Amino acid sequence: MPTEADFFGEVPTVLTVSRLAQPLQDTPGAVTVLDREWIRRSGARTLAELLRLVPGYLVSGYNGANPVAAYHAPVDELGTRNLVLIDGRSVYSSTYLGGTLHGMYVLSLEEIERIEVLRGSNSAAFGANALFGVINVITRHPQDTMGGTVSLTAGEYGIRDVYVRHGWGDAQASHRLSVAQRHDHGYRFVNDDTRLNTVKWRSDWRLSAEHDLMLAAGYADSRTGDGVPADFDNPERDVQRRSAYLLARWVFQPSIDESWQGTFSWSEERATDRFIYQRPGLQGVVIDFGNQERRLHAEIQHQFRAGQHWRWVWGVGLNEDSALSPPLFFRDSRLAQRDWRLFVNAEWALAPDWVLNAGLFTGRHSHTGSYATPRFMINHHITPDHTVRFGLASAQRAPTLFEQFADVRYFRPDGSFLTRTFVSSGQVRPERLVSREISYLGRFPALNLVWDARLYDERFDREIDSFSLGGLQRDFINGQGFRTQGLEYQLRWQPMAGTHLLWNHNLNRFRWDDPAKVGQRTPPRQFWTLGWMQELPHDWSLALWAYGRDEMAWRRANSALDADYRIDLRIARALRWGTTRAEWSLTVQSLNGDRQEFLSSRPSTFPRRAFTPCMWSSEVPRLSRRRWLAWPLAGGLLLGGPAVGWGQPARVRVWAAERTGATGEVLEHLGRLWDGGQPWEVSTDSPTPLPAGEVRLHLTLGVRPLAELAVQVQRQPTAWSVPVLAALLPEAAYVAVGRSLPVGSSAIWLDQPPERFLALIQRVMPRRRRVGVLLGPASAPLEPALDRAAAERQLVLVKARVQEEAANLFPLLRNVLSESEVLLALPDPMIYNAATLQNILIATYRQRIPMVSYAESHVRAGATFSLHTTPLQVARQVAAAVQGWWAQGQLPAPARAASGAVAVNDQVARSLGLDVPDVEALQRALAGEIR
């Protein structure tokens with residue numbers, strides 16, 4: 001049964017794996033996507049904590065200020081073998097210990113749109129350091145953050161967080177400025193207080209129909225505690241880091257088949273970490289790890305389609321890492337290493353149910369020489385909902401500047417030479433990983449279940465490690481490596497509306513090649529995550545998370561951790577005043593008590609702690625970046641017309657599925673339309689009967705509230721004498737659940753009338769007479785009306801019926817496209833869903849057949865036109881119906897949308913040889929023709 005999500009939901013694609021926008025079933029690897037809702041409900045304060053929701057990731061931290069996230073094995077406590085991208089900018093550090101810890105830590109979670117995590121190596125797309133995976137963070141577009149947001153958090157162990165954001169602009173240029181502060185006392189018994197301040201700015205410009213420009217900048221200042229009590233070699237002290245970055249990205253897209261992208265980024269960090277040695281006999285020796293590092297990155301990439309079955313992306317780039325640190329390198333000049341890069345990735349649809357992805361990243365490093373990292377992955381779509389992947393990939397990590405050039409010398413207080421510690425010979429070669437995998441992605445629509453599994457065999461060698469040269473001196477060498485084999489999988493299940501369940505599980509077998517390392521840095525045999533997110537009555541919500549693992553060792557065997565588990569709880573209440581949204585929440589981490597972290601050999605305890613975030617937001621709806629138009633409502637209520645006046649004491653009870661998304665926009669518009677004392681109340685609870693004197697009309701927004709109300713009516717028919725107006729739902733959903741509603745009830749559907757679709761097709765493509773249509777269970781009832789409208793307009797319908805099992809979808813689609821000049825998509829989740837839509841769009845484009853759809857998001861994904869209903873139009877039609885009910889004592893008959901909006905994908909239209917219609921002319925034509 002279709003829902004409002006079929007009309008307003010976005011088409012899921014990812015960019016992380018091959019640099020090509022691909023649906024999950026076509027990606028060359030297993031990908032986990034965390035969206036804003038999951039991020040918010042996780043209760044996490046840092047990016048590393050969020051990775052507990054990703055299968056295969058071990059999360060801890062050698063103190064509270066330095067969180068650790070390692071994939072499969074605890075051999076990457078500094079994050080040197082994971083690539084972390086924020087809007088395409090790498091946050092990798094190549095100086096001293098290196099890694100991604102600080103770059104991950106300064107990120108504000110409030111600005112994240114989604115996180116794409118490729119589980120497995122991806123050097124074929126992004127080069128060195130993408131050894132164990134890629135964590136790609138996509139921040140929110142400024143147009144999605146118009147208005148203001150304030151978030152305050154206070155809690156135990158010094159938690160004091162502040163986040164303030166303001167967004168402004170229009171559809172052509174939009175901007176965001178944010179400031180944030182984070183403070184806490186970290187673990188117990190450890191000197192790891194954190195004080196972090198950040199400022200970030202981002203601006204996006206739509207320069208023309210083909211050109212986009214994004215600019216971003218940021219600054220972070222952190223002071224963190226480090227060191228161990230009563231340890232001469234690592235005493236308690238404060239470490240300061242100041243970092244800044246600039247990012248520019250230009251996109252030129254002359255057609256839907258081709259795009260060019262240029263990226264330039266600059267980042268710099270200065271670290272101050274200095275103390276006076278206090279060991280007897282060596283007092284006064286200065287220990288200094290301070291450094292200044294800089295990273296420059298420039299890249300240009302070209303994406304294009306070659307023929308019907310091939311998509312390519314290639315590019316060239318230059319990376320330069322440099323550092324200045326006399327204490328670490330014993331030189332006053334800046335050290336630098338450069339990496340010239342060339343990459344190419346291809347997607348070949350070799351058959352309707354087979355996709356081959358191949359990639360190669362090659363380059364020349366200024367110190368380690370030439371390299372190449374290929375990848376091959378073949379995907380077989382058993383059905384549109386079930387995909388199996390088979391793949392082989394290689395990856396590498398280049399040595400850091402410290403691993404290549406370290407020269408650490410110490411001097412007595414009188415200036416005389418004392419000793420050297422790290423003395424790098426510069427002979428280390430890149431680390432290497434070869435990965436084999438079989439993975440599976442399955443969707444079970446009837447159960448609202450998604451199953452994602454990966455069977456892996458990873459061989460890592462040439463590990464860079466330090467080696468004693470005698471005395472205190474150490475050099476870096478390439479050692480042996482390890483082999484890890486296992487199975488990781490994730491189940492996401494929505495058994496009912498408002499309930500989400502998550503189960504991650506990893507089974508792991510790990511073996512060092514060097515017998516001397518057995519017992520060191522050993523992963524758990526299994527580890528897991530269990531999550532339950534539940535919407536509760538009266539706008540409350542609950543999230544319960546459990547994380548568990550077997551015995552493991554982050555470092556040596558004598559500091560191994562026993563098997564353990566942790567439980568986190570989050571309770572929240574959503575509030576709303578007009579256009580202002582707010583949320584209060586309480587998060588309790590480690591609800592089951594304090595737990596030992598990272599090492600058992602010293603006190604390092606993560607405490608049970610509670611904190612309370614409070615958020616206020618006055619963000620306004622996103623401004624469309626597509627060309628669109630709307631025409632007046634039939635019956636005389638114009639878009640932009642006067643607000644609906646009331647002046648009567650009767651109340652309307654609104655039962656809403658949620659207060660966000662399209663439902664939230666409808667509520668906002670109704671709030672502006674309904675003046676005169678606010679005679680309405682909104683609830684996201686399950687509908688319950690109310691005395692007739694308290695409520696005169698029930699209004700449901702969305703499928704879930706109507707379905708729940710219908711069940712209540714069946715159970716207690718005498719308690720429901722007040723009529724119901726159902727809105728923001730498809731016609732098929734109303735027909736399925738709305739039969740038992742009280743007398744006098746009605747509905748306003750999201751569906752556009754079939755004749756309106758055909759009128760649009762004739763206006764924008766007058767020479768195309770053959771219209772293809774796929775009809776499934778939800779869209780089949782529209783067939784008679786479609787036949788009549790086609791006959792009136794002298795159009796020929798090329799129809800095919802998709803049975804209850806959609807396995808024959810693509811053979812039927814090919815048959816329809818072979819005889820059609822345009823494809824008309826009607827709302828039917830069996831045909832058009834997350835698993836099928838991208839492949840349908842690709843098939844139509846290869847046949848050069850324009851697609852006209854019912855959802856604006858489909859145009860953003862590649863459809864040529866859409867005729868859709870906007871939240872504003874829903875609100876105005878609802879307001880008109882309620883006004884008529886109050887004046888005449890009855891609701892209008894159930895009806896489809898009285899007005900509509902058109903979206904045009906200019907690039908697709910031009911690529912198909914279509915004239916892009918003039919918006920004003922098309923508006924006048926449709927307004928005059930459709931009444």
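Helices (H or I, at least four residues) and strands (E, at least two) are DSSP runs, numbered from the N terminus. In those terms, the place of Asp539 is in the loop between strand 31 (526–536) and strand 32 (540–549), and the protein chain as a whole holds 18 helices and 49 strands.

The model is a predicted one, in which local features need pLDDT of at least 70 and side-chain atom pairs count only at pLDDT 80 or more, while totals for chains, interfaces and linings use all residues. Residues are numbered from 1 along each chain as its sequence is written, and side-chain values use heavy atoms, with hydrogens and water left out.

**The whole chain**

The radius of gyration, taken over C-alpha atoms, is compared with a globule rule of 2.2 Å times the number of residues to the power 0.38. A compact globule of 931 residues would have a radius near 30 Å, and the protein chain agrees with this, at 30 Å. Its C-alpha trace spans about 100 × 60 × 45 Å along the principal axes. Of the 931 residues, 58% count as buried, where buried means under 20% relative accessible area, exposed over 50% and partly exposed in between (1.4 Å probe, protein chains only).

**Nonpolar cores**

A nonpolar core is a set of buried Ala, Val, Leu, Ile, Met, Phe, Trp, Tyr and Cys residues joined through side-chain atoms within 4.5 Å. The largest has 80 residues, of which Leu774 and Tyr832 touch the most other members. Helix 16 (residues 871–888) gives the most to this core, with seven residues. Apart from it lies another core, of 40 residues, with Tyr57, Val84, Ala395 and Leu502 among them.

Contact means heavy atoms within 4.5 Å. Neighbours within four places in sequence aside, the contacts of Tyr832 include Asp6, Leu774, Met851 and Tyr854.

**Single residues**

Most residues other than glycine have a negative phi. Ala230, in the loop between strand 12 (211–226) and strand 13 (237–255), has a positive phi, near 60°, and Asp539 has a positive phi as well, near 65°. Ser259, by contrast, is found in strand 14 (residues 258–272), and its contacts beyond four places in sequence include Phe252, Gln301 and His302.

| Residue | Relative accessible area | Class |
|---|---|---|
| Ser259 | 15% | buried |
| Ala230 | 87% | exposed |
| Asp539 | 13% | buried |
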